[in-house]
Amino acid sequence: MSGKLISPVPAVTGRLFTVGLVISWYASNIGVLLLNKYLLSNYGFKYPIFLTMCHMTACSLLSYAAIAWMKIVPMQAVRSRLQFVKIAALSFVFCGSVVSGNISLRYLPVSFNQAVGATTPFFTAVFAYIITVKREAWITYVTLIPVVTGVIIASGGEPSFHLFGFIMCVGATAARALKSVLQGILLSSEGEKLNSMNLLLYMAPIAVVFLLPATLIMEKNVLGIAIALAREDVKIVWYLLFNSSLAYFVNLTNFLVTKHTSALTLQVLGNAKGAVAVVISILIFRNPVSVTGMLGYSLTVIGVILYSEAKKRNK
């Protein structure tokens with residue numbers, strides 16, 4: 001009696017594809033973060049709103065190309081004026097989050113920026129409780145204590161601490177959590193649900209509309225300054241183009257990794273990504289770090305892992 005042999009090639013190819021996706025996800029996430037830091041702090045391009053507008057413009061164009069031409073995902077239509085208003089509200093919060101995050105990078109090292117960013121679960125729990133009156137199990141709230149305590153310790157031990165940068169970073173983290181909660185509420189009905197790629201397709205152009213007047217008012221003559229910089233050093237053009245394209249690939253790879261891995265794998269990879277970004281940024285920018293700061297960050301990461309585990313067990 002002979003049985004058919006199943007070729008292991010497709011399984012191996014599938015694993016290699018997933019590994020490639022994860023590497024691309026890490027590279028685009030960490031790459032855009034480090035390049036933002038380099039441009040806004042080291043290179044001296046001190047225009048975070050204009051930089052964010054470049055990101056959103058690239059996301060608008062590349063999203064349309066990926067969905068309308070390359071058919072990466074089916075295009076989902078906006079079905080009502082109310083749905084459009086909801087997407088615009090999300091886009092406004094999204095803008096606030098990205099702009100605040102970019103402003104914070106002017107003043108804070110990436111390592112500390114990531115430590116503060118790791119407190120997203122705390123803000124998500126707070127907003128979910130305030131807006132939806134959704135209560136978690138008590139153990140879930142207990143796990144948030146090390147998340148917040150870790151950042152307090154890291155702040156006290158951060159050699160490059162800057163109060164305004166810290167406020168902007170906390171604001172960016174809070175806005176990111178608020179968008180997540182609002183998205184779950186505003187686009188919850190079956191007819192209004194959009195996958196992340198289609199949501200970006202509609203949010204990005206609306207974000208450009210929000211950011212254009214903000215850039216003109218708050219970063220006067222930035223286009224003239226950028227053109228003058230390009231005449232002196234053409235590399236700034238390539239930096240901006242590459243950085244803006246990377247911003248889109250962060251969203252694309254995030255969508256693909258979510259699609260091709262389990263929720264648990266994504267959680268583990270997400271927690272590890274912040275730590276990898278911290279190590280690489282310290283190696284590149286050589287920013288001073290203290291033992292207290294690293295202990296604080298480690299405590300926050302442990303808290304995030306415990307929070308994720310508590311949420312999973314209490315579902």
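View 1. Exposed denotes over 50% relative accessible area, buried under 20%, and partly exposed the range in between (1.4 Å probe, protein chains only). Helices (H or I, at least four residues) are DSSP runs, numbered from the N terminus. The model is predicted: local features need pLDDT of at least 70, side-chain atom pairs count only at pLDDT 80 or more, and totals for chains, interfaces and linings use all residues. Residues are numbered from 1 along each chain as its sequence is written, and side-chain values use heavy atoms, with hydrogens and water left out.

**View 2. Val222, Ala226 and Ala230 are the buried residues of helix H10 (residues 222–232)**. These residues lie on the same side of H10 because they cover an arc of only 80° around the axis; the arc is that of the directions from the helix axis to the C-beta atoms. They pack against helix H2 (48–69), helix H9 (196–218) and helix H11 (235–260).

**View 3. Phe50 and Leu211 have the most contacts inside the largest nonpolar core, which has 60 residues**. A nonpolar core is a set of buried Ala, Val, Leu, Ile, Met, Phe, Trp, Tyr and Cys residues joined through side-chain atoms within 4.5 Å. Among the elements that give two or more residues to this core are helix H1 (9–43), helix H3 (81–107) and helix H12 (263–285). Another core, of 11 residues, lies apart from it and includes Leu108, Val151, Tyr297 and Val301.

**View 4. Phe50 is in contact with Phe45, Thr215, Glu219, Val222, Leu223 and Leu240, leaving aside its neighbours within four places in sequence**. Contact means heavy atoms within 4.5 Å.

**View 5. Lys86 and Glu192 form a salt bridge (2.9 Å, N to O)**. The pair links distant parts of the chain, 106 residues apart, with Lys86 in helix H3 and Glu192 in the loop between H8 and H9. A salt bridge is a side-chain nitrogen of Lys or Arg within 4 Å of a carboxyl oxygen of Asp or Glu. Lys86 counts as buried at 18% relative accessibility, and Glu192 counts as buried at 13%.

**View 6. A network of salt bridges links Glu309, Lys312 and Arg313**. Lys312 meets Glu309 at 3.5 Å, N to O, and Glu309 meets Arg313 at 3.2 Å, N to O. Lys312 and Glu309 are 3 residues apart in helix H13 (residues 291–313), so about one helical turn separates them. Glu309 is partly exposed, with a relative accessible area of 29%, whereas Arg313 counts as exposed at 67% relative accessibility.
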